[in-house]
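Please read these notes beside the sequence and the model. They are meant for someone new to both.

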Amino acid sequence: MSQTEKRLQLNGREIILLGTAHVSQESINQVTESIKAESPDVVAIELDDGRLATMKNPDAWKELDIVKVLKEGKGFVMMANLVLSSFQRRMGSKVGVQPGDEMLAAMNVAKEMNIPTVMADRPIQTTLRRAWAKNSLWGKCKLLASLISSAFSKEEFSEEDIEQIKEKNEMDSMMQELSDYMPVIKQVLIDERDEYLATKIWNAQGNNIVAVLGAGHLNGVEEHLKQFASGQKQSNIQEISQIPPKTIWGRIWEWIIPVSIIGLI
């Protein structure tokens with residue numbers, strides 16, 4: 001069993017967690033081979049319906065009504081989506097792999113084998129809006145600065161760099177760095193989604209489940225699944241699926257974001 005695979009026996013069910021790098025040819029091969037070899041009852045995938053639709057139609061952003069998006073207060077969500085997508089595309093450009101290709105590979109193999117799939121991730125809009133709403137003023141400034149610097153970064157990644165992302169020690173140091181710099185962001189982007197993913201996987205129908213998720217979620221998802229199985233914790237994601245109410249500062253920032261987007265463009 002590789003370092004990026006966890007095989008769990010929980011309450012008579014077998015759940016196999018496959019950790020991937022989102023722009024890795026090796027991950028595509030691993031996912032394809034594992035699903036074919038296991039022939040599970042269901043395949044859970046770290047995607048939500050919105051991201052799946054975007055991956056199937058990568059030019060959808062051209063049809064966006066930007067004025068409408070800004071009026072609805074979704075400027076930050078749009079900007080974060082654009083920057084994160086650009087960053088992942090830059091990572092994959094050297095190895096000829098697009099972001100999320102391993103997720104699409106999992107879906108395609110499951111379809112060929114008539115295996116049902118479950119979109120197990122929290123909607124990206126909810127995640128980004130929670131990350132924004134829960135941050136302090138200083139946290140918002142740091143987050144904006146990080147996004148904008150990422151957009152203009154010229155850093156390039158080799159295939160070896162990308163594969164190292166899946167290694168446990170490398171991932172642990174990245175998570176620790178994120179937690180130290182922006183603890184709220186780490187809580188929302190990683191910890192909450194660990195619980196959300198684990199809940200969706202646990203509630204999937206079947207006794208043999210293969211779950212395909214980013215390597216950074218492996219340990220957290222495993223821990224939540226073990227707690228569900230032992231009865232230490234109930235699988236309830238209602239609270240982390242809600243968006244906190246807007247504060248006065250949040251409303252002010254709604255006007256700052258459009259200016260940042262225009263400047264970014």
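The points below go from the overall fold to the cores and then the cavity.

1. Basis. This is a predicted model, where local features need pLDDT of at least 70, side-chain atom pairs count only at pLDDT 80 or more, and totals for chains, interfaces and linings use all residues. Residues are numbered from 1 along each chain as its sequence is written, and side-chain values use heavy atoms, with hydrogens and water left out.

2. Fold. The protein chain has twelve helices and five strands (DSSP runs: H or I of at least four residues, E of at least two, numbered from the N terminus). Of its 265 residues, 46% are buried (under 20% relative accessible area, 1.4 Å probe, protein chains only).

3. Largest core. The largest nonpolar core holds 20 residues. Such a core is a set of buried Ala, Val, Leu, Ile, Met, Phe, Trp, Tyr and Cys residues joined through side-chain atoms within 4.5 Å. I15, L17, I201, V221 and L225 have the most contacts inside this core (contact: heavy atoms within 4.5 Å). At least two residues each come from β1 (5–10), β2 (13–20), β3 (42–45), α10 (183–202), β5 (208–214) and α11 (218–230). The most, five, come from α11.

4. Second core. A separate core has 17 residues, including L52, M103, A110 and V212.

5. The largest cavity has about 30 Å³ of space (on a 1 Å grid over the protein atoms alone, a set of points where a 1.4 Å probe fits but cannot get out; lining residues have an atom within 4 Å of a point; the volume is the space filled by probe spheres set on points joined across faces, edges and corners). R51, D121, R122, P123, I124, T127 and R193 line this cavity.

Terms used: Buried < 20%, exposed > 50% of the residue type's maximum accessible area, 1.4 Å probe, protein only. 1 Å grid on protein atoms, 1.4 Å probe; cavity = no way out; pocket = protein on both sides within 12 Å on 5 of 7 lines; lining within 4 Å.
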